[in-house]
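Here are my notes on this model, point by point.

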Amino acid sequence: MSKINYAIISAAGIGSRLGKNMPKTLVNITETKKIIDYQIEFVGDIKNIRLVVGYQHEKVVEYIKEKDYDVEIIHNPGFRNNTTCYSMHLATEDLDEPYVALDGDLLINKNEFNNFVKAFNDEPLIGITPSKTEDGVYVNLNENEEILSFQRNPKTSHEWANIACFCEPIVINKNGRWVYSHFEPFLPLKSFTIENCYEVDTPQDLKLAIKNLDKI
């Protein structure tokens with residue numbers, strides 16, 4: 001069984017729907033902790049952390065240095081014209097081993113994150129969560145909790161959590177539009193439910209995450 005030694009955090013986007021005019025990773029969740037602080041905390045048991053930055057990257061880099069986080073920074077200079085897929089490509093093109101990848105706006109319970117990574121068993125593992133966001137990508141599951149399909153409508157009980165353990169045969173296309181579309185040719189694939197996973201994409205998402213901080 002392979003061990004996950006790399007965590008890839010994609011945080012290059014503008015985050016326009018949240019309306020904070022700052023990288024979402026620097027949004028305060030409490031007076032003293034930002035999204036990035038929570039993320040570094042819950043991925044902290046993984047040896048190598050790579051953070052892809054783009055929008056206002058100087059502020060993110062300055063904060064990482066200020067906090068003395070052991071994080072490798074990767075720049076995506078074309079963040080305005082490309083997607084998360086391109087960020088992931090930049091961060092993983094030199095890797096020949098499995099890795100866990102997640103969006104830079106996720107808040108996840110540390111124990112559940114660790115259990116998710118431990119559940120990886122040399123095959124792609126897709127994180128899902130009970131549907132709670134405003135604009136989710138929903139999943140259809142079979143009786144073995146394998147994902148049969150992804151869809152925008154209609155809503156189902158669970159949604160793609162924007163986190164996955166990647167390995168062969170999944171290869172990220174730098175020109176891809178959606179990360180989850182890379183899984184579709186290989187479905188059904190194993191899923192893992194992360195109950196306490198909150199994506200901060202809109203003001204309502206942020207309120208929901210703050211309301212549930214005791215679960216993170």
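1. The radius of gyration is taken here over C-alpha atoms, and the globule rule is 2.2 Å times the number of residues to the power 0.38. The model is predicted. For 216 residues the rule puts a compact globule near 17 Å; the protein has 16 Å, so the two agree. Along the principal axes, the C-alpha atoms fill a box of roughly 45 × 40 × 35 Å.

2. The protein has 5 helices and 11 strands. Take the contacts with a separation of 6 or more: 70% of them join residues 24 or more positions apart.

3. Buried residues account for 55% of the 216.

4. The largest pocket has a volume of about 1200 Å³. It is lined by 50 residues, and K24, T84, D103, E199 and D201 are the closest to its centre. Elements giving two or more residues to this lining are β1 (6-11), α3 (84-92), β4 (99-103), β9 (158-166) and β11 (197-199). The largest share, 7 residues, is from β9.

5. What is the lining of the largest pocket by class? There are 21 nonpolar, 16 polar and 13 charged residues.

6. The second largest pocket holds about 340 Å³ of space. Its lining counts 14 residues; T92, L95, Y99, I170 and V171 are the closest to the centre. By class, 8 are nonpolar, 2 polar and 4 charged.

Definitions and conventions. Residues numbered from 1 in each chain as written. Predicted model: local features only at pLDDT ≥ 70, side-chain atom pairs only at ≥ 80, totals over all residues. Heavy atoms only, no water. 1 Å grid on protein atoms, 1.4 Å probe; cavity = no way out; pocket = protein on both sides within 12 Å on 5 of 7 lines; lining within 4 Å. Points joined across faces, edges and corners; volume = space filled by probe spheres on them. Helix = DSSP H or I, 4+ residues; strand = E, 2+ residues; numbered from the N terminus. Nonpolar A, V, L, I, M, F, W, Y, C, P; charged D, E, K, R; others polar. Buried < 20%, exposed > 50% of the residue type's maximum accessible area, 1.4 Å probe, protein only. Contact = heavy atoms within 4.5 Å.
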